[in-house]
Amino acid sequence: MTHPLLIIGAGLAGWQTVREFRKLDADTPITLVTADAGDFYAKPTLSNAFGQKRGPAQLVTTPAATIAQTLNVTLLSHTRVTAIDSVAKTVQTSAGVLAYRDLVLATGAQPIRVPLAGDAAEQALSVNSLDDFGVFHQRLTALGEGAPNVRIAIMGAGLIGCEFANDLAGAGYAVTVIDPADRPLAALLPPTASVQLQEALAGLSVHWHLGATVQAVNRQADALVLTLSNGQTLVADILLSAIGLRADTSLAQAAGIACERGIVVDRQLQTSAPHVWALGDSAQYASAASPGAPTGRTLPYVMPIMAAAKVLAASLHGTPASLEFAAMPVAIKTPALPIVAHPPAPGQLGQWVEQVLGEWWFASEDLPERAHGFVLTGPHTSKRMALVKQMTAVATTTT
Ligand SMILES: Cc1cc2nc3c(=O)[nH]c(=O)nc-3n(C[C@H](O)[C@H](O)[C@H](O)COP(=O)(O)OP(=O)(O)OC[C@H]3O[C@@H](n4cnc5c(N)ncnc54)[C@H](O)[C@@H]3O)c2cc1C
């Protein structure tokens, strides 16, 4: 008896793998097991939904039953995989044991949580799924839609924190952002670009507490009192934690599959176990190796998933290809200051050089006239394709 191709996870990585595989093979049985409902939605819309007055139901683009039927998939929703036996080629789930021909791990990432003191520490919400967004949306709308007296504190001035700050401030809420760095998006942008973003969001009345962390959260009447590392306190109605994500490697690790910052996969997306594959936020791609990350990198974005799913489908179809990532800039959804960022690969030598205000290149001493990374803001974001072309040319001439 032929066992199915078994996929764990109904995020973009899981569903996109099915889509690509079905282009090559209409008949091989596929079972998709997922802890959530399995509905298809674009996760990036979670951080710009308030401005568009969209709730969780409006973010679903294809209901689970429809996509499963269209793609000829047996969907086991609200079912959690608890263990993998890669020798017996079975998984243990909350609905029993399932055998597989090949197993795809598309389990995504989990929000990083920092320990906070105080009697309301557990009130910090994270938004990394449609269900999380449902809880956040419900709490906020219960306090009053877009009400300027509703105070939202956001921990983390990274990509997700800044996007939520823009969305929620734009929707009329009183937003404060707290981050240990002295500027927003410090890991991604050169300092002068961070300043531009900080000022643009301040223009929407976003308040900044930079160079500080939240130490304690205590309840006072209906509000939360946050105590910061600099001794200041601030009062909020909602606390959103956006301090980063970590690849979910728990199942793979427990099964003895090699993991570092993510589940280690080679250029065909194969893990260290035969017939077990991984992609998406849970994977660490050998194809993204660089001098500073010689064994590969996680790439928790949409574009890498689209490229990886195509290659994985070919591998699963028995026609393996090699995954090569093109230059993939990230568009940051901060309409107060649109930003396109392509950070240099870890270990790339060089420094940020401002061409004009709104356009920065990461340039090395040996090739100063070429960008190894770039950041574009405001109207300069229109140069995105030209710079991608230039970076592709650099990659071709230097490999
Ligand atoms: C707010 C926000 C905004 C973003 N904006 C952008 C953007 O603008 N551009 C961009 O490129 N990227 C963006 N990203 C990142 C992008 O959305 C992710 O890289 C991508 O959606 C990850 O997809 P995934 O399928 O790997 O993981 P997920 O979507 O997390 O899916 C994981 C799936 O695995 C299931 N699962 C996990 N463990 C188990 C288990 N044990 N048993 C059964 N099922 C399990 C879960 O239920 C879920 O269905 C954003 C992310 C967030 C959170």
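This is a predicted model: local features need pLDDT of at least 70, side-chain atom pairs count only at pLDDT 80 or more; totals for chains, interfaces and linings use all residues.
Which residue sits in the turn of the hairpin that β14 and β15 form, and what is its phi? Residues are numbered from 1 along each chain as its sequence is written, and side-chain values use heavy atoms, with hydrogens and water left out.

Okay, the hairpin. It's A221 in the turn, with a positive phi of about 55°, and two residues lie between the strands. Strands here are DSSP runs of E, at least two residues, and helices are runs of H or I, at least four, numbered from the N terminus. Two strands count as paired if DSSP finds at least two bridges between them. β14 (residues 214–220) and β15 (residues 223–228) run antiparallel and have six bridges. One of the pairs is Q220 with A223.

Next, have a look at the open sheet. Its five strands go β22-β23-β26-β25-β24, with antiparallel pairing. At the edges you'll find β22 (330–332) and β24 (351–356), each pairing on one side only. On average, neighbouring strands are turned by 15° against each other, direction ignored; the axes for that are lines fitted to C-alpha atoms.

Now, the ligand. There are 33 residues around it, and the closest are D36, K43, D281, V302 and K333; a residue gets in if one of its heavy atoms lies within 4 Å. By type, that shell splits into 18 nonpolar, nine polar and six charged, with Gly counted as polar and Tyr, Cys and Pro among the nonpolar ones.

Some polar contacts, meaning pairs of N or O atoms within 3.5 Å. A side-chain N or O atom of K333 is 2.5 Å from a ligand oxygen. For T34, a polar side-chain atom lies 3.1 Å from a ligand oxygen, and L12 uses a backbone N or O atom, at 3.2 Å. The protein covers 91% of the 1,000 Å² of accessible area that the ligand has on its own, by the Shrake-Rupley method with a 1.4 Å probe.

So where is the ligand, relative to the domains? It lies between domain 1 (5–110 + 246–316) and domain 2 (113–243), because both give residues to the shell. Those bounds come from an automatic or database domain assignment. As for helices, α5 gives the largest share, three residues.

How values were computed: A polar contact is a pair of N or O atoms within 3.5 Å; within protein, one must be able to donate a hydrogen and the other to accept it, and residues adjacent in sequence count only if both atoms are side-chain atoms. Axes are lines fitted to C-alpha atoms, for helices over the stretch in contact, and angles run from 0 to 180 degrees between N-to-C directions.
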